[in-house]
4 protein chains.
Amino acid sequence: MLHFESDYMEGCCPEILRRLKTINFEKIGGYGEDEISRAAKDKIRAACGTEPDAGVWFLTGGTQTNAVVIDALLRPWEGVIAAETGHISQHEAGAIEHGGHKVLTIPGVEGRLEAAALRRYMERFEADSARDHLVQPGMVYISHPTEFGTLYGFNELCALRAVCDDYGLKLYLDGARLGYGLAARGAELTLPDIARLTDVFSIGGTKVGALFGEAVVAREPALLGRFFPLMKQHGAVLAKGWLLGVQFDELFTDGLYLQRARQAIEAAALLRRGLLDRGVPLYVDSPTNQIFPVFSNAALAVLGKKIGYTLWEPLDAQRSVIRLASSWATKEPEIELLLDAVDEALRLS
Amino acid sequence: MLHFESDYMEGCCPEILRRLKTINFEKIGGYGEDEISRAAKDKIRAACGTEPDAGVWFLTGGTQTNAVVIDALLRPWEGVIAAETGHISQHEAGAIEHGGHKVLTIPGVEGRLEAAALRRYMERFEADSARDHLVQPGMVYISHPTEFGTLYGFNELCALRAVCDDYGLKLYLDGARLGYGLAARGAELTLPDIARLTDVFSIGGTKVGALFGEAVVAREPALLGRFFPLMKQHGAVLAKGWLLGVQFDELFTDGLYLQRARQAIEAAALLRRGLLDRGVPLYVDSPTNQIFPVFSNAALAVLGKKIGYTLWEPLDAQRSVIRLASSWATKEPEIELLLDAVDEALRLS
Amino acid sequence: MLHFESDYMEGCCPEILRRLKTINFEKIGGYGEDEISRAAKDKIRAACGTEPDAGVWFLTGGTQTNAVVIDALLRPWEGVIAAETGHISQHEAGAIEHGGHKVLTIPGVEGRLEAAALRRYMERFEADSARDHLVQPGMVYISHPTEFGTLYGFNELCALRAVCDDYGLKLYLDGARLGYGLAARGAELTLPDIARLTDVFSIGGTKVGALFGEAVVAREPALLGRFFPLMKQHGAVLAKGWLLGVQFDELFTDGLYLQRARQAIEAAALLRRGLLDRGVPLYVDSPTNQIFPVFSNAALAVLGKKIGYTLWEPLDAQRSVIRLASSWATKEPEIELLLDAVDEALRLS
Amino acid sequence: MLHFESDYMEGCCPEILRRLKTINFEKIGGYGEDEISRAAKDKIRAACGTEPDAGVWFLTGGTQTNAVVIDALLRPWEGVIAAETGHISQHEAGAIEHGGHKVLTIPGVEGRLEAAALRRYMERFEADSARDHLVQPGMVYISHPTEFGTLYGFNELCALRAVCDDYGLKLYLDGARLGYGLAARGAELTLPDIARLTDVFSIGGTKVGALFGEAVVAREPALLGRFFPLMKQHGAVLAKGWLLGVQFDELFTDGLYLQRARQAIEAAALLRRGLLDRGVPLYVDSPTNQIFPVFSNAALAVLGKKIGYTLWEPLDAQRSVIRLASSWATKEPEIELLLDAVDEALRLS
């Protein structure tokens, strides 16, 4: 059985495990106030081209990161605008509402929130004579890559930024898979672009080479208020904060983060090409590490015996969309075995 | 410099690191739905003597664990009773209030909540003609060991249970340092006692041999409602849930958890004896891994050059209480060096 | 200028003002614990045909009532299902999310949530392999009349009840305009039907003859937990609770509530007939006190000089939907004047 | 039976009822956006000596007012400092915690929070090396009169303001009984003083001549953010907002508010003098409309047959503190009858 269900099935880059072993009996101060974490933050600032006083914090997971950042950016009467397919709209079990905020959804395009749609939404809101009875939009949430593995272009992000500026909205980019977005072929947005065009964004470790952990970056940390106490209040502070520092320190040494992400991208590109060569349609054509092919349910019954995949959604009575994800640890021969299994599934169904 | 500030300064038992390395490239399912996590839960159930259907969940940290459990046990109009010095009363940055619940405090004795004081509190509440205008007490929070390293005796816990039963209160025991409470000399309460006498309790990994992680145990899981979605809502679910499963699996194999805890207890006992021999008074006489000696500020100025400690609180203008903590990784020679430094501090001050 | 913007523009039935004057200097106990409030509750129980131990409480407004009831019925991991046009989905400024709960929306039909659509939603939820990462549906919210003044038929409410029973969902009916729903021509549902088929419902006073106030009725009060402390926590308890008791006592004496509602229904029926006679299309054909005609924007420019209306939504570039509401205080001659103004607007545009 | 349990047992000043009758069938716009409410706000601004752009809003009750104002002033990581006896600390069923904020208590003196104690609290907070793990103090809550009917002197309020300025804390004064505080003999603080020295304060109507309603006043409305949507979110907006406007318009016409408050003060002064003349000790010597005499329980058994009072708290096994409240509607002969009943109780016990 080969597993392509997700990109969080393996442990971490060996460099991280080695480092953990090396320092296991060193005594390190708590709550992220240690030298290793400080060094990791400096490396992230350098990679983002941000000022030395940009804010960087480490949290343990994606839903937690979204909830804490959104809670920091919004006032109680405000909500967060997101695409209908946004992770916060659907798959966080109400974490944003638990913090008291409504997720205001707009239909997206392949997971992307479009600037024009956002502008229409805000125009309609401003024109509504009963707008004081509505949740006030306070910020915009996007993810990059999106839930469908797609990316924003440079101009697209600039356009979103412009709408945000016009309406006083803050812009937050959820980068749970950011490495794969940066390393994708044809990717336009660099880390410094993202740091400059958003108010706050996250750099996902969990799915890109770390055991777990997300970094939050904010050009102007004051925008997040007293972020550490807020993290603590959300149960998002690790006693051994250095655990996160170590991982990001390794990932941001000698370009390991991007290098590992590129490995996943190469594997996914091989898979994408192989599927297209075999005439398998793609539900969304993603340039990152998640591929969304459409198979007949009969083919899936065969495929499922050898390949672990995620059922994304039924397309019609006969066909379904699945997700196949490569990761920083995926190797080319695995993709070849996967394509062999696809061949067999197509043949036998 | 020798560090005794806390018991969360080292990494983890080498067994855990070895296991992480072994399985690093295995592909494991997400969110704690994996074989390793299931095995770890079974081992915990066995150690607790609970039924096969007792609930066990893994979370990442102590404040998070308290917040999620309390949110699960309370209805919106209810609050949680705790000792004034309880961790939730003070040091969680308002995590419980963030969930909408008031912490109702009662003065404790050396960190312990006493059954008689709890009963008086409930009698007064029931007698208050305006009690419908008050927060309704719904549960009791205790920690074992307490913030002062002290322990509940068997009869003391039974007495608390009895008051809880009389007033329909749920009883939750925060075991962030549970290993040290179980391994302490003269400790009366066993894991099965605690599992039977409380409704829910936690087994701390972060401070007792794990990199991070807490296990929550509930005899009757229905009492916690739909606990997994609630964890998710609180940002308390790790994508790689098996990271926690692996750690508890190791800790609950061949008694490693208690064995490691005992090492900290031996070190602390050596320290306690050494301090008493030198005439250093103890603010609280703790049988666990945290020792609270009183020193003159002059002595502390000397001691601080060689020893890292936590300033607990000023006792008067001349003297302060400090905390010295041993951990599962502390070795006897370190205690001897610490006592040498104490000798020097006493001599030079 | 004649005003038909809404049904909350006048004060109250004169009977209420008279009673307030009569008892103005009587000294009455606080927080709803008084004889008048008790009598009013008994009259409501009688009108609903509920058991003597059914729960009845008085709150001050509709959004508050929805927020408190929903907070009482849901556990923290649960959300409330509503039609997309439901009042809680849109026009309560995030009051439900402020309480930590997501509003899960389903497209409605003329404001109604249909049983078949609810069942499909629940089937899809139950079939979702990631459902533990979603907000758990805990209850269903409907309003009667709906936002569009439409009504549920007897069989429709029975069908919703059946789906709720199948999936363990609670059913709450927001009756902010309940009087108009009960008094409408052809209305199938009686107060006892509603009391029996829902778990909790409200009887609106604010829009049906009272100065302000809503009654909440629950067959089984235990379902709402400790509702009084929860009301207090939500700031929904009036010191002079008898103010609400007096109003409902008058409204439920000698059938005043329905009698006054009928007056609004007669006025609206006259208006509806008059509009149809003049060829004015209705966006939704409502049998209650809210009429939704479609006019050209040119006609509205004329009409607006004499008639106050609520702009509901633009239909296209030339036409708009407006709302014209009658109330318990509307008299027939006002409708005739309104129709004269319509004639003029149609003629001049 | 004569009732002195509280100051919210009667209806309202007859002027208000008359006005309600006069305008009962006028059609008035909703949600407080009407001429009467605007006029009332202007009168309040004039009485407070604030700028024309000071913010004034009307809410329905005291707990609601406190909850909304505090939610507006605090960021999520902040708490509100109050005296231990503060209304928000005890008698609001956790309304502040429901909004996610901790009430940080300091022992008060006769209900007053003292500037020196506040300064010590803040000094200790700032000096705490773990202060990022604590709830961050964001504002100060006081009431005037306090729960014990006592008042702040001019210098006392200036001193509190100074501490707030030194530590960046906002200052909110709960004026649920403000009229009685302004009208008390020897009262130092005027409405303009309070408007100038606090950031936000409330003017209670419920207990001082209105049927119900509180006005919130803020020199700089921006400090409260988007207050109307927040009110709506808290269920604190009345559809017929003019109901509140009417009441405050009457109360702030020709000094009615203070004139009616003075009537209660005169009655209370007569009572206080009468009690002291009879040798009845006062638990707290309040200059306002609440008097707190100490009686033997035997005397109370007799008194209770003729007089309704509130049992405040037991003083010892034999004696209790009670509260006797006059109101804007109390007349001197009632006090004389009350004192006769006291005479009888003292004689027979």
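Guide: A residue is called buried here if its relative accessible area is under 20%, exposed if that value is over 50%, and partly exposed in between. The model is a predicted one.

F58(B) and F248(B) are both buried. Their rings make a stacked aromatic pair, with centres 5.0 Å apart and 10 degrees between the planes. F58(B) belongs to strand β2 of chain B, residues 55-59, while F248(B) belongs to helix α11 of chain B, so the pair ties together parts that lie 190 residues apart in sequence.

On the side of chain B that touches chain A, the elements giving two or more residues are α1 (14-22), α3 (62-73), α5 (95-98), α10 (227-233) and α11 (242-251) of chain B. Of that side, α1(B) supplies the largest share, four residues. By class, the side of chain B that touches chain A holds 21 nonpolar, 16 polar and nine charged residues.

The contact as a whole draws 46 residues from chain B and 46 residues from chain A. About 4,100 Å² is buried between chain B and chain A, and carbon and sulfur atoms give 59% of this area. Within chain B, the residues that lose the most area to chain A are K27(B), H98(B) and K240(B), which together account for 19% of what that side buries.

Polar interactions also cross between the two chains. Between chain B and chain A there are 26 residue pairs in polar contact, counting pairs with both residues at pLDDT 80 or more. The count of salt bridges between these chains is four. A salt bridge joins E10(B) to K27(A), with the closest N and O atoms 3.2 Å apart.

To return to the rings, a search of the whole structure finds 42 aromatic pairs over all chains. In chain D, F148(D) and W312(D) form an edge-to-face pair, 6.0 Å centre to centre, with 65 degrees between the planes. This pair links distant parts of the chain, 164 residues apart: F148(D) is in the loop between β5 (136-143) and α7 (154-167) of chain D, and W312(D) is in strand β12, residues 310-314, of chain D. F148(D) has a relative accessible area of 9% and is therefore buried, whereas W312(D), at 24%, is partly exposed. In chain A, F148(A), Y283(A), F292(A) and W312(A) form one aromatic cluster.

Terms used. Residues are numbered from 1 along each chain as its sequence is written. Chains are lettered from A and ligands numbered from 1 in the order in which they are written. This is a predicted model: local features need pLDDT of at least 70, side-chain atom pairs count only at pLDDT 80 or more; totals for chains, interfaces and linings use all residues. Side-chain values use heavy atoms; hydrogens and water are left out. Contact means heavy atoms within 4.5 Å. Buried area is the accessible area (1.4 Å probe) that two parts lose on being put together, summed over both. A salt bridge is a side-chain nitrogen of Lys or Arg within 4 Å of a carboxyl oxygen of Asp or Glu. A polar contact is a pair of N or O atoms within 3.5 Å; within protein, one must be able to donate a hydrogen and the other to accept it, and residues adjacent in sequence count only if both atoms are side-chain atoms. Ala, Val, Leu, Ile, Met, Phe, Trp, Tyr, Cys and Pro count as nonpolar, Asp, Glu, Lys and Arg as charged, and the others, Gly among them, as polar. Rings of Phe, Tyr and Trp (its six-membered ring) pair if their centres lie within 6.5 Å; planes under 30 degrees apart count as stacked, over 60 as edge-to-face and the rest as tilted. Buried means under 20% relative accessible area, exposed over 50%, partly exposed in between (1.4 Å probe, protein chains only).
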